[in-house]
Amino acid sequence: MPSLAAKKSTRTPARSGRPAPELIFGDLWEFDPAPETADPKLKSRYDLFIDGQFVAPKSGRYFDTINPANERKLAEIALAGRDDVDAAYQAAQRAFDTTWGRMPGRERAKYIFRIARLLQDRAREFAVAETLDGGKPIKESRDFDVPMTAAHFFYHAGWADKLEYVAPGHRVAPLGVVGQVIPWNFPLLMLAWKIAPALAMGNTVVLKPAETTSITALKLAEILQDAELPPGVVNFVSGAGETGAAVMSHPTPVKIAFTGSTEVGKIIMRSLAGTEKKMTMELGGKAANVVFDDAPIDQAVEGIVNGIFFNQGHVCCAGSRLLVHEPIADLVLAKLKNRLKVLRVGDPMDKNTDIGAINSKPQLQKIQELVESGVKDGAEMFQPACRLPSKGYYFRPTIFSGVTMSHRIAREEIFGPVLSMLTFRTVDEAIEKANNTAYGLSAGVWTDKGSRILKMSTELKAGVVWANTYNKFDPTSPFGGYKESGFGREGGRQGLLDYAKLI
Amino acid sequence: MVAKSPAIAFRRLFDEVGTVDQIGVEERVAKFTTRSIKKASKIWGLKKAVSMVDLTTLEGKDTPGKVASLCQKALQPHDDPGIPTVAAVCVYPSMVRHARKHVADSAVKVASVATAFPSGQAPLKTRLGEVRAAVQDGADEIDMVINRGAFLAGDFSRVEDEIAAVVEACGVAALKVILEVSELETFDNIRAASFVAMGVLREGDFIKTSTGKTSLNATLGNNQVMLEAIRDFYLDTGIAIGMKPAGGIRTAKQALQFLIAVKETLGDAWLTNERYRFGASSLLNDLLRQLEKEKSGSYQAPYYFSEAAESY
């Protein structure tokens, strides 16, 4: 490739004898704090939402939910036991048999549409609550999580009266009652991904939010009440692993939908083996973000940053493995370092914060443990010198270079702001390395060459392949994995069909 | 023979300096617009922006009187003594000596557009003569336009040679090279043209977006492409080139967003009027209005500021 040689020769190092020119990202113009001040309207205690009512757990037990940004308690959340889960499923079955399952799609659409509108009306309040409970920067919950959640409800409201067209040649019917368990990284959005298609198709739902981020689900229950959704159509049972197991193993649901770690997904699949329950699993990932030498490099760097540091890297489709074409590896690394120096880490409620708090202490410890392994295995670590708040769970954005395929940080999902950089020489090597993982949720390709994008998107074993961009979502676009990243799709026509019986 | 083919010239140049993805640039600059600048940091930014303004009048109807009042505004933007003077006044060559007389030996520089601004469509000899005349009349800085026709035809050496000739004609005066981004159209071209220009510029010279005489002027997008070109050129060669977005920046809010782009792309060393300028006229009074608002807590009518004709 003559272009590579040309590129290398233009990158002449600065004249010897003089120090290499450097950019200064100092404190000449420090930004003052810009806190978001909207009232999240939190209650001090949240009960379970069963049969259209907030009810206390039968056990009377509650657990604390804290703000990971300062470790302060935000509220008490009801702990659902087996009896509560059972009550929720009974309500869901009743609602399916008497109201929701029989309602014409055009009527269901009105309720779903109303949920979307009511959420938009209270967007700021929900964004603040999401940030307080989960630690993500307010600009992300404000500009991404909440609008995207509303978009999913709008999109599926649009489908509800057009279901006769969703599977040409077939009629469709709802499955019945479904049990759903969602993770803590996008509490509201994951809830919408689960609930909206289920409701549009006419199913009823028992859903367990993640134990560290239950607040916005239970706040959404207020919206469901305001929307006058018939009782029992959606039920929320909060709690930790045991509650989740009760939701999954209950005999009532005909379908189980789970988003979370591959480890837990496997446990669920084992426990459901031999039953007639349908399943969709959206599990972990270790996505390859592949950058070729002809890519627009500054925009690729921006995409790499967006791919791994969005939501503190708590993204199952995060571009955590960076595969760079060898001739431009040094250049990309240098540009990444400069870009990291201007990322603002700190208080998630500050409108200028780019990287907020790690969701929980156990997650922070897991990230620390894996980063230590990277250092021990001999990879070279870079972290910008940013100040971190003294209280709360924070982790500096981190890049490892000189990573090889056998390093733990190249194989295990870190689920934090940690990027592992590897290099490749040829297209085939890039594909081989990208596919050399148990996961297959997403991938990215950066190149100026259209034919290469098409080849890569065919060869990469990943549910989503982004070309010259990363972490882009849309309700119309199906999302889901290959291999141990799960099966089934969410979003689009395909996602809807996972909640339908074809007749 | 082959090497002289314009198509090959373009490919070689793009290959050398790299290409730009438009959607990616627009996504990057959208992040600058979500930054929230408050209190002391806002005042710092607004004052910095005032000090970076090249206060401009480029009209056929300009007179020595108009230039005199522009100069007075440049020297004393507002009653508040805490507000700095602007960086320069920018006028046509025939007005340079009038401007020189008024700003005298203050910190405000005299900049003159030259080289058959805005089209550049005059013989090179005429253009160079115009530059020399402006410098002789007392211009500290020359704003030239590049030969867009030659650039688009792939004749980069001609573009380069002409800039080099203007550099020579400038003598000690600083040079600002206007790319006229709206005529180059693509971000790829803007990046490539930035490199062609920087290759013959001296430390302390500038590249500039536009003349203000065409449909599209400075945007956060083309500003970013040029900032990134300056950054890459600096890291490669150690030569620090300045940047001047011109036209279309009318509000203080816009100016702060442009400054955030500078802070996050080139860093602290470019947050000075020796390396960053705004080519603007109505921007100045909006900056002053925002500064007054920070001080008093309420907005004042435009007619409380000198040289502002608008009213309610």
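In this predicted model, chain A is assigned two domains: domain 1 covers residues 45-283 together with 483-502, and domain 2 covers residues 285-467. The C-alpha centres of domain 1 of chain A and domain 2 of chain A are 30 Å apart. Their contact draws on 19 residues from domain 1 of chain A and 27 residues from domain 2 of chain A. On the side of domain 1 of chain A that touches domain 2 of chain A, the elements giving two or more residues are α4 (123-134) and α5 (138-160) of chain A. The largest share of that side, three residues, belongs to α5(A). By class, the residues of this side of domain 1 of chain A comprise five nonpolar, seven polar and seven charged.

Four residues lie between the strands of the hairpin, and A:Glu71 takes a positive phi near 65°.

Two packed helices are described by the angle between their axes and the distance between the axes. For helix α6 (residues 187-201) of chain A and helix α7 (residues 215-226) of chain A, the angle is about 55° and the axes are 8 Å apart. That angle makes α6(A) oblique to α7(A). The crossing of α6(A) and α7(A) is right-handed. On one side of the contact are A:Pro187, A:Leu188 and A:Leu191 of α6(A), and these meet A:Thr216, A:Ala217 and A:Leu220 of α7(A). The contact of α6(A) with α7(A) has five nonpolar residues, one polar residue and no charged residues.

Chain A also contains an open sheet of seven strands with mixed pairing, in the order β14-β15-β16-β13-β12-β17-β18. At its edges stand β14 (380-382) and β18 (464-467) of chain A; each has a single partner strand, so one side of each is left without a neighbour in the sheet. From one strand to the next the twist averages 20°. The partner of β14(A) is strand β15 (residues 398-401) of chain A; the two run antiparallel and are joined by three bridges. Here A:Met381 is placed opposite A:Phe400 in β15(A).

Attention now turns to chain B. An open sheet of eight strands in chain B has parallel pairing and the order β7-β6-β5-β4-β3-β2-β1-β8. Its edge strands are β7 (242-244) and β8 (278-280) of chain B, each of which pairs on one side only. The twist of this sheet averages 25° from one strand to the next. Within the sheet, strand β1 (residues 53-56) of chain B pairs in the parallel sense with strand β2 (residues 88-91) of chain B over three bridges. The bridge partner of B:Leu55 in β2(B) is B:Val89.

Helix α8(B) lies across β4 (141-145) and β5 (174-178) of chain B, and runs at about 150° to β5(B). This helix also packs against another helix of the chain: the axes of α6 (residues 124-136) of chain B and α8 (residues 156-170) of chain B come within 9 Å and cross at roughly 25°. This crossing angle makes α6(B) roughly parallel to α8(B). The crossing of α6(B) and α8(B) is right-handed. From α6(B), the contact is made by B:Leu124, B:Leu128, B:Val131, B:Arg132 and B:Val135, and from α8(B) by B:Glu162, B:Ala165, B:Val166, B:Ala169 and B:Cys170. By class, the contact of α6(B) with α8(B) has eight nonpolar, no polar and two charged residues.

Conventions:
Residues are numbered from 1 along each chain as its sequence is written. Chains are lettered from A and ligands numbered from 1 in the order in which they are written. This is a predicted model: local features need pLDDT of at least 70, side-chain atom pairs count only at pLDDT 80 or more; totals for chains, interfaces and linings use all residues. Axes are lines fitted to C-alpha atoms, for helices over the stretch in contact, and angles run from 0 to 180 degrees between N-to-C directions. Angles under 35 degrees count as roughly parallel, over 145 as roughly antiparallel, 65 to 115 as roughly perpendicular and the rest as oblique. A crossing is left-handed if the near helix is turned anticlockwise from the far one by less than a right angle, and right-handed if clockwise. Two residues are in contact if their C-beta atoms, placed from the backbone, lie within 7 Å. Ala, Val, Leu, Ile, Met, Phe, Trp, Tyr, Cys and Pro count as nonpolar, Asp, Glu, Lys and Arg as charged, and the others, Gly among them, as polar. Domain bounds come from an automatic or database domain assignment. Two strands pair if DSSP finds at least two bridges between them.
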